[in-house]
Amino acid sequence: MEYKAFFEDALGRLKAEKRYRVFVDLERDAAHFPYARWHRDADTTEDVIMWCSNDYLGMGLDPQVIEAMCTAACRHGVGAGGTRNIAGTNHPLVALEAELADLHGKPGSLVFTSGWISNLAALSAIASLLPDCLILSDAYNHNSMIEGIKRSGAERQIFRHNDLDHLEDLLKAAGRERPKLIAFESLYSMDGDIAQIGKIADLAERYNAMTYLDEVHAVGLYGRRGGGIADRDNEMDRIDVIEGTLAKGFGTLGGYIAADLPIVDAVRSYAASFIFTTALSPALAAAAQKAVQLLKSESGAELRTRHQRQAMLTKHALSAAGLPVMPNQSHIVPVFVGDAERCKAASDMLLQRHSIYIQPINYPTVARGTERLRITPSPAHSDGHIAHLVEALVDVWQALKLPFTETTGNVVAFRREADDAHCTFPELVKKAAE
Ligand code: PLP
């Protein structure tokens, strides 16, 4: 076999389908979030505004979080020194696990090297230990959950996305006695829609099923202390296993589960993808703990309020300008394109003409024909940044002849109107949206 040609062909197929991924060479600027330096080529750099980071609150650049990491790195070094089975557990990891258990009101928690690994390890261990387990999995569950479910070897049935009637039919058919695990997410990150956690917990109780909830896109961002949507809805105690990441709302790296002690201990003891890999570094654990602590506090609540305001303002402003924002109740702002090539072209044009970075979202992350730009406003995006984004997107939509919605909004007319009304553009957009 011609190995090199084989791989070139494989890449050629992606390119032909217009979904070959190109990573932009960026340097995040810790002092000026949401700005980053774009390495345009070997000799040229340019400042750009990031509009698609999953460091939703900018915690990865928070001075106190950075300080916690630097202090721990100086004290303990930069690596963990091995798997926890080989090298023991570094104390910052023990402290982080206590912090996370407290965040979710659970007796214990277990930290992994990423959210992806948490789902792989926990779902595969839990479902393979339960005899004849049936996993009921939401159709939109993340790849890491699907991989964990597959690895468990347990039977899987998929319920239509957020369709509780369908879930109930499957639960009923399985019968009360059979061990069952309902696996779902609180906030689905590509559409930004939110699960009805309380109603799923009701069904789990009625049909005697365990619940496994991925809160990856909600931890830090929702709830009184940043425990996620289940925290916001007061449902944490009704969920058996809560899984989260340290890499998005908490701005660092790593993942975890929080649950009753026997479940945590079983995953610790049986999951190969926990046992056979080097633990998270103590410096990362210390940084993550600081981020969790900050987001549990009063200042965390203020940051969440500002985050929601900027996200809602962005949605309103884009919609008012006639851009096809896909509606949802969360901080995610998906703008529909519906074609892989045009989605990439829109992303390139935003970067090159307007110094705005938004990664195109194509298949297999979303279904073909639903390609989109996924915008994630943060508390650091000002109203002025939002106004700039609206103008840039309108320009790109016009240049690429992408369809506007029926909305009468036109950004140039809007700006003139704002001048006439002696208010700022964002103020006008906000009024229009109210
Ligand atoms: N779960 C969901 C729903 C996700 O969207 C992701 C990643 O985006 C993960 C888990 C994996 O988390 P991490 O990025 O920490 O590996």
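**Exercise 1. The second largest pocket**

Determine which helices each supply at least two residues of the lining of the second largest pocket in this predicted model, and describe the lining by class.

*Solution.* Step 1: the helices that meet this condition are H2 (63-76), H12 (282-296) and H13 (298-320). Step 2: H13 gives the largest share, three residues. Step 3: the whole lining comprises 17 residues, and Leu57, Gly58, Met59, Asp62 and Leu303 are those nearest the pocket centre. Step 4: sorted by class, the lining holds 11 nonpolar, five polar and one charged residues. Step 5: the space in this pocket is about 200 Å³.

**Exercise 2. Arginine 372**

State whether arginine 372 is buried or exposed, and identify the side chain to which a polar contact of 2.5 Å joins its own.

*Solution.* Step 1: locate arginine 372 in strand E14 (residues 372-375). Step 2: its relative accessibility is 4%, so arginine 372 counts as buried. Step 3: the polar contact links its side chain with that of aspartate 191. Step 4: leaving aside residues up to four places away in sequence, arginine 372 touches several residues, among them Met190, Asp191, Phe336 and Cys343.

**Exercise 3. The cysteines**

*Solution.* Step 1: a disulfide requires two cysteine sulfur atoms within 2.5 Å. Step 2: by this rule the count is zero disulfides. Cysteine 70, for instance, is in none, its nearest cysteine sulfur being that of cysteine 74, 6.6 Å away. Step 4: cysteine 343 counts as buried, at 0% relative accessibility, whereas cysteine 70, at 44%, counts as partly exposed.

Methods
Residues are numbered from 1 along each chain as its sequence is written. This is a predicted model: local features need pLDDT of at least 70, side-chain atom pairs count only at pLDDT 80 or more; totals for chains, interfaces and linings use all residues. Side-chain values use heavy atoms; hydrogens and water are left out. On a 1 Å grid over the protein atoms alone, a cavity is a set of points where a 1.4 Å probe fits but cannot get out, and a pocket is an open set with protein on both sides within 12 Å along at least five of seven lines; lining residues have an atom within 4 Å of a point. Grid points are joined across faces, edges and corners, and a volume is the space filled by probe spheres set on the points. Helices (H or I, at least four residues) and strands (E, at least two) are DSSP runs, numbered from the N terminus. Ala, Val, Leu, Ile, Met, Phe, Trp, Tyr, Cys and Pro count as nonpolar, Asp, Glu, Lys and Arg as charged, and the others, Gly among them, as polar. Buried means under 20% relative accessible area, exposed over 50%, partly exposed in between (1.4 Å probe, protein chains only). A polar contact is a pair of N or O atoms within 3.5 Å; within protein, one must be able to donate a hydrogen and the other to accept it, and residues adjacent in sequence count only if both atoms are side-chain atoms. Contact means heavy atoms within 4.5 Å.
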